[in-house]
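Dear colleague,

I would be grateful if you read the two side by side.

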Amino acid sequence: MYMRNIYLDYNYYLNNKKRFNIFFNIILRYKIDKNNKLFIKENINYLDDRLDYYQKKSILIDDNTLLVAGAGSGKTTTIINKINYLIENKNIDPKDILCISFTNNTVDDLKERIKYPVDIYTFHKLSLSLLDDHNYFYGISGDYLEYIIDEIFYNYELDYFKKVILSFINLYKQKNIDYKLMNRISKRNILLKLIYKIYLIYQDELYSQGLIDFNDMINKATNVTKELGLKRFYKYIIIDEYQDISYERYLLIKTIKDICNSKVFAVGDDFQSIYAFSGSDIKMFLQFKRYFGYSKIIKLNRTYRYSQELSNVSTKFILKNITQIRKKIISTKRLSKPIKIIYYNNNEDIILKRFLDTANTNITILIRNSKDIYKLKSVDIKIKSSKIIYKDKKIDYMTIHKSKGLEFDNVLILNLEDDVVGFPNKMKNPKIFKYIDAKDNSIFEERRLFYVALTRTKNNVYLFVNKNKPSIFVRELLLDSKKYIEFISL
């Protein structure tokens, strides 16, 4: 009926060039979509049977695609099979495929698992490579901004103040905001005026010494590529962990895409967007079509990691962030009470030792803040090289941020108390951050961070809770999902 109505109004479109272009694009997209559906139907059964329907569909679609991949849903497997398909079935030269992830560890993992010589980079390594293509001379500044701030504020009682300045300048550069804006907003108050002066000193020092910082790497690569073009050609750009995208990273990808007319295949999970403090912007995930034009959105809603019961709890919890993309995660695993609560008062190290004495499963400890682990330090418990050493046991621990992308047999989450530096962390950004569009929606991000912690496990999640002031997240779980929770008395 929709198509018939368009044809009936043909003269309406024909008499106006703009309207005709709209009409033409509608017809073209309709035909492409129809052909895509037919192609998928005819070819989907030829792909690896270990892939589910939506993994196969995302591999076969030849449009800009956002793959919304839940925790433990096999996103890396999908990326690898997508690359294999492009090379083996579509005869794409491996050199025409660019694959990007966010950390050296994930890049190394992809390099190990992808059997073809495609370009696999972090954003920073890609940027350096593009600058090298044009013999752009640079040195890397490292922590030079911190050094300048320390030189100006030699009084160590001003550590918080210095961190604010450092974060503001880094976020300003990560968002690739015009320096003229920095000049305008510097007139708003004394602190902004001071930050602007430090920024100018920093930029002058970088320029005079031929240095670039980590933010400049990406911005310079974008500008040089726009000005001088590319010495390589990419038909496909595949981005892992896309929920962590920042505006500066997006601009680099968009520049390459526009020059090469590339197709973008982005994979990520908006439930796990937890890096706003380092410039990631979740709206670029939620509004993918706005940034990349006509695109397909596909959801991977099957987890191979944790139980359906834990999925019920974690999904209900995360969807209280109303801006998240709604999806229901399905699992074939069953575990009636995957969440275990262990209460303590002011004796957390004693309770932890009792737990470790009785625990007969592999446990990984997750912490919200890096200093949380030292609350447990005692005569019997030693902290060394990312491990807790107790008796003959060595237990791995890490921050939840570092745990993203990993999975463990069982997880213990510490510091679940209602406090400024508890979980959720209640520290707020100073109001000046609003001038660089860094609004403080920290409770949304803290909710996503807790979701990441809950979904690292293959089996159980143990919550270490201060009984006198339990975390609001724990209270919420007890209110909404008590039937999935077991209480452990030690």
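Helix H19 (residues 442-454) packs against helix H20 (residues 472-481) at an angle of about 65 degrees, and their axes lie 11 Å apart. H19 is therefore roughly perpendicular to H20, a term that covers angles of 65 to 115 degrees, whereas those under 35 count as roughly parallel, those over 145 as roughly antiparallel and the rest as oblique. Please note that this is a predicted model, in which local features need pLDDT of at least 70 and side-chain atom pairs count only at pLDDT 80 or more, while totals for chains, interfaces and linings use all residues. Residues are numbered from 1 along each chain as its sequence is written, and side-chain values use heavy atoms, with hydrogens and water left out.

Helices (H or I, at least four residues) and strands (E, at least two) are DSSP runs numbered from the N terminus. Axes are lines fitted to C-alpha atoms, for helices over the stretch in contact, and angles run from 0 to 180 degrees between N-to-C directions.

H19 and H20 cross in a right-handed sense; a crossing is right-handed if the near helix is turned clockwise from the far one by less than a right angle, and left-handed if anticlockwise. On the H19 side, Ile-443, Glu-446, Arg-447 and Phe-450 meet Ile-472, Phe-473, Glu-476 and Leu-477 of H20, where contact means heavy atoms within 4.5 Å. By class, this contact of H19 with H20 has five nonpolar, no polar and three charged residues. Here Ala, Val, Leu, Ile, Met, Phe, Trp, Tyr, Cys and Pro count as nonpolar, Asp, Glu, Lys and Arg as charged, and the others, Gly among them, as polar.

The axes of H9 and H12 come within 9 Å and cross at roughly 15 degrees, which means that H9 is roughly parallel to H12. Their crossing is left-handed. Asn-170, Lys-173 and Gln-174 of H9 make the contact with Asn-215, Asp-216 and Asn-219 of H12. That contact of H9 with H12 has no nonpolar, four polar and two charged residues.

A pocket is an open set of points on a 1 Å grid over the protein atoms alone, with protein on both sides within 12 Å along at least five of seven lines; a cavity is a set where a 1.4 Å probe fits but cannot get out, and lining residues have an atom within 4 Å of a point. The second largest pocket holds about 540 Å³ of space, a volume being the space filled by probe spheres set on the points, which are joined across faces, edges and corners. Of its 21 lining residues, Lys-173, Tyr-199, Gln-203, Asp-216 and Lys-220 lie nearest the centre. The lining divides into 11 nonpolar, five polar and five charged residues.

There are three cavities of 30 Å³ or more. The largest cavity has a volume of about 40 Å³ and is lined by Glu-348, Asp-372, Lys-375, Leu-376, Leu-414, Asn-415 and Phe-464. Three of these lining residues are nonpolar, one is polar and three are charged.

Yours sincerely
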